Amino acid sequence: MGTVQDITETRRAEDALRRGEEALARAREELAYVSRVMTISALTTSIAHEVSQPLSGILANANACVRLLGLEPPNIASATDTARRTIRDTERATEVIKRLRAMFNRQSPAMEQIDLNEIAREVIALSARDMREKFIVLEARLAPELPPVTGDRIQLQQVILNMVLNGIEAMAETEERPRRLLVRTALVSEDMLTLSISDAGVGIAPDATEKMFEPFFTTKRNGMGIGLSISRSIVENHGGRMWAMSNDGPGATFAFSLPRLGKQTTGRSAT
């Protein structure tokens, strides 16, 4: 006895499903890249200024060094100090460019041991001028001796930068009260760390707390509505969760939690 079964249609359906999943994964990857580029584009002026300052210092110090060495006798001590300042400014400019290039690159996720406080400081440095120009006072309450997490450095920077920019935009039209942005990190349990950013802006409508993270939902005039959706996806891919809530006073708080090093659970691959 034997049976014959035509599996052609089944195979076709399986192939179509696989192609659909691959297309979806590519689309999510493209959206993540678009979100990253849009986020960085919003800081182009600030970054250009941050780079131009050390470059101007390098030029001034180099000229000063030449003059000091041309004296009779040469002022070696002052020339040495000037050369050290030149090295400092060069390293500063190089670091800004390195961060910018890293966040623009379309590179595969690179999981490594990460200090959450350190990447928070890096994002704060990138957005410092933008906050100064908008008269925003930033307060950083970073918990000391915070245990490390495992994650992709660039993706987590993107999440934090998106949160910072959202806070800045939320206070763009605030005039009747100080514009304050509070960045906090904490170890909330034995296994979980959190990073939160609180603003004093327009706040969140009660029915929009979860909608904020839906793809293409936006309250911004020219927003695409993908930044928070991609950010939550990144955090969840790292074994954490992301949420938003209204403050007791004005404004809103966006936060995410991540498991400390060695406590991660297996999740989806990051996009």
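Helices (H or I, at least four residues) and strands (E, at least two) are DSSP runs, numbered from the N terminus. Keep that in mind for the names I use. This is a predicted model: local features need pLDDT of at least 70, side-chain atom pairs count only at pLDDT 80 or more, and totals for chains, interfaces and linings use all residues. Residues are numbered from 1 along each chain as its sequence is written, and side-chain values use heavy atoms, with hydrogens and water left out.

Let's start with the sheet. It is open, with five strands in the order S2-S4-S5-S7-S6, and the pairing is mixed. Two strands pair if DSSP finds at least two bridges between them. At the edges sit strand S2 (137-141) and strand S6 (241-246), and each pairs on one side only. From one strand to the next, the twist averages 15 degrees. Angles here run from 0 to 180 degrees between N-to-C directions, and axes are lines fitted to C-alpha atoms, for helices over the stretch in contact.

Now S2 and S4. They run parallel, joined by five bridges. Arg141 stands opposite Arg184 in S4. Helix H4 (residues 116-133) packs on the sheet. H4 touches S2, S4, strand S5 (192-198) and strand S7 (252-259), and its direction makes about 10 degrees with that of S5. Helix H5 lies across S4, S5, S6 and S7. H5 runs at about 170 degrees to S7.

Is Thr185 buried or exposed? Buried, at a relative accessible area of 5%. The cut-offs are under 20% for buried, over 50% for exposed, and partly exposed in between (1.4 Å probe, protein chains only). A polar atom of the Thr185 side chain lies 2.9 Å from the backbone nitrogen of Ala143. Beyond its neighbours within four places in sequence, Thr185 is in contact (heavy atoms within 4.5 Å) with several residues, including Asn117, Leu146 and Thr194.

Pro178 is another case. Where does Pro178 sit? In the loop between helix H5 (153-170) and strand S4 (180-187). Pro178 is exposed, with a relative accessible area of 53%. Its C-alpha atom is separated by 9.6 Å from that of Gly201, 23 residues apart along the chain.

Last, the rings. Arg241 lies over the face of Trp243, at 4.1 Å from the ring centre. That term needs NZ of Lys or CZ of Arg within 6 Å of the ring centre and within 35 degrees of the ring normal.

Definitions and conventions:
A polar contact is a pair of N or O atoms within 3.5 Å; within protein, one must be able to donate a hydrogen and the other to accept it, and residues adjacent in sequence count only if both atoms are side-chain atoms.
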